Amino acid sequence: MRVLVQRVSRAAVTVAGATTGEIGGGLLLLVGVEEADGASDIEWLVRKISQLRIFNDEQGVMNRSLLDCGGQALAVSQFTLHASVKKGNRPSYSRAARGEVSQPMFERFVDAMVAALGKPVPTGVFGADMQVSLVNDGPVTIWLDSRNPE
């Protein structure tokens, strides 16, 4: 699984003009699922994301996690995170899991984030054409890949 984590002061996702999820300060999580992903990928990502110390403390140092500051999370499925552009200029999405695999994995990821944070995690609509708006705070943007944990 891949998650692009963005620290935001606010974020929202809309589908057909209707807002399906929005948050104030916290993390926007763009989530891509690969065919080989499983429970251990979800566990690693949820632990890493919830404990990632990227929020400022009283001294202005990034030393607080989402759990520490009580922030929110907004999760949006995004198969394009598994795009490959090795050949030509048109991305290939062959590494991205099919909907029947990725949708339940995405839902399990969201459920695990809810359990870790102890609060709802709003989402977009899986497979829909979504518009995501955000105010990136910092900016702080971090790439997490459960297959390549750095």
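What percentage of the 150 residues of the protein count as buried? In this predicted model, 41% of the 150 residues fall into the buried class. The protein is built from three helices and seven strands, and these elements follow one another along the sequence in the pattern β-β-β-α-β-β-α-β-α-β. The radius of gyration is 15 Å, close to the 15 Å that the globule rule gives for 150 residues, so the protein is as compact as a globular protein of that length.

**Overall form and surface**

- Taken along the principal axes, the C-alpha atoms of the protein fill a box of roughly 45 × 40 × 30 Å.
- Among contacts between residues at least 6 apart in sequence, 73% join residues that are at least 24 apart.
- The protein exposes about 8,000 Å² of surface, and carbon and sulfur atoms supply 49% of that area.
- The side chains include 15 positive and 16 negative ones, and the centres of these two sets lie 5 Å apart.

**The nonpolar cores**

- The largest nonpolar core has 28 residues, and those with the most contacts inside it are Val5, Leu29, Ile49, Phe109 and Met113.
- Two or more residues of this core are given by each of strand E1 (2–15), strand E3 (26–32), helix H1 (39–51), strand E6 (72–77), helix H3 (99–117) and strand E7 (130–145).
- Helix H3 supplies the largest share of this core, namely six residues.
- When residues up to four places away in sequence are not counted, Ile49 touches Val3, Val5, Leu27, Leu29, Phe109, Met113 and Leu144.
- A second, separate core has 12 residues, among them Leu74, Val76, Leu81 and Met130.

**Leu74 in strand E6**

- Leu74, which is placed in strand E6, has a relative accessibility of 0% and therefore counts as buried, the cut-off for that class being under 20%.
- Leaving aside neighbours within four places in sequence, Leu74 is in contact with Ala11, Ala12, Val13, Gly21, Glu22, Ile23, Leu27, Leu28, Leu29, Pro122 and Thr123.
- Although Leu74 and Val114 are 40 residues apart along the chain, their C-alpha atoms are separated by 11 Å.

- Gln51 is found in helix H1 and, once neighbours within four places in sequence are left aside, Gln51 is in contact with Ser65 and Leu67.
- The C-alpha atoms of Gln51 and Ser146 are separated by 15 Å, while the two residues are 95 apart along the chain.
- Not counting residues up to four places away in sequence, Arg108 touches Ala39 and Ile42.
- Arg108 and Arg98 are 10 residues apart in sequence, and the distance between them in space is 16 Å, C-alpha to C-alpha.

**Backbone geometry worth checking in the structure**

- Most residues other than glycine have a negative phi, and most peptide bonds are trans.
- Ala16 has a positive phi of about 50 degrees although it is not a glycine, and its place is in the loop between E1 and strand E2 (18–23).
- The relative accessible area of Ala16 is 78%, which is over the 50% cut-off, so Ala16 counts as exposed.
- The peptide bond from Gly138 to Pro139 is cis, with omega near -5 degrees, and Pro139 is found in strand E7.

**The segment after E7**

- Glu150 is found in the segment after E7, and with a relative accessible area of 83% this residue is exposed.
- Glu150 and Leu81 are 69 residues apart in sequence and 17 Å apart in space, taken from C-alpha to C-alpha.

Definitions and conventions: Residues are numbered from 1 along each chain as its sequence is written. This is a predicted model: local features need pLDDT of at least 70, side-chain atom pairs count only at pLDDT 80 or more; totals for chains, interfaces and linings use all residues. Side-chain values use heavy atoms; hydrogens and water are left out. Helices (H or I, at least four residues) and strands (E, at least two) are DSSP runs, numbered from the N terminus. The radius of gyration is taken over C-alpha atoms; the globule rule is 2.2 Å times the number of residues to the power 0.38. Buried means under 20% relative accessible area, exposed over 50%, partly exposed in between (1.4 Å probe, protein chains only). Contact means heavy atoms within 4.5 Å. Accessible areas come from the Shrake-Rupley method with a 1.4 Å probe; for residues, only the protein chains shown count as cover. Lys and Arg count as positive and Asp and Glu as negative; His and the chain ends are not counted. The place of a charge is taken as NZ of Lys, CZ of Arg, CG of Asp or CD of Glu. A nonpolar core is a set of buried Ala, Val, Leu, Ile, Met, Phe, Trp, Tyr and Cys residues joined through side-chain atoms within 4.5 Å.
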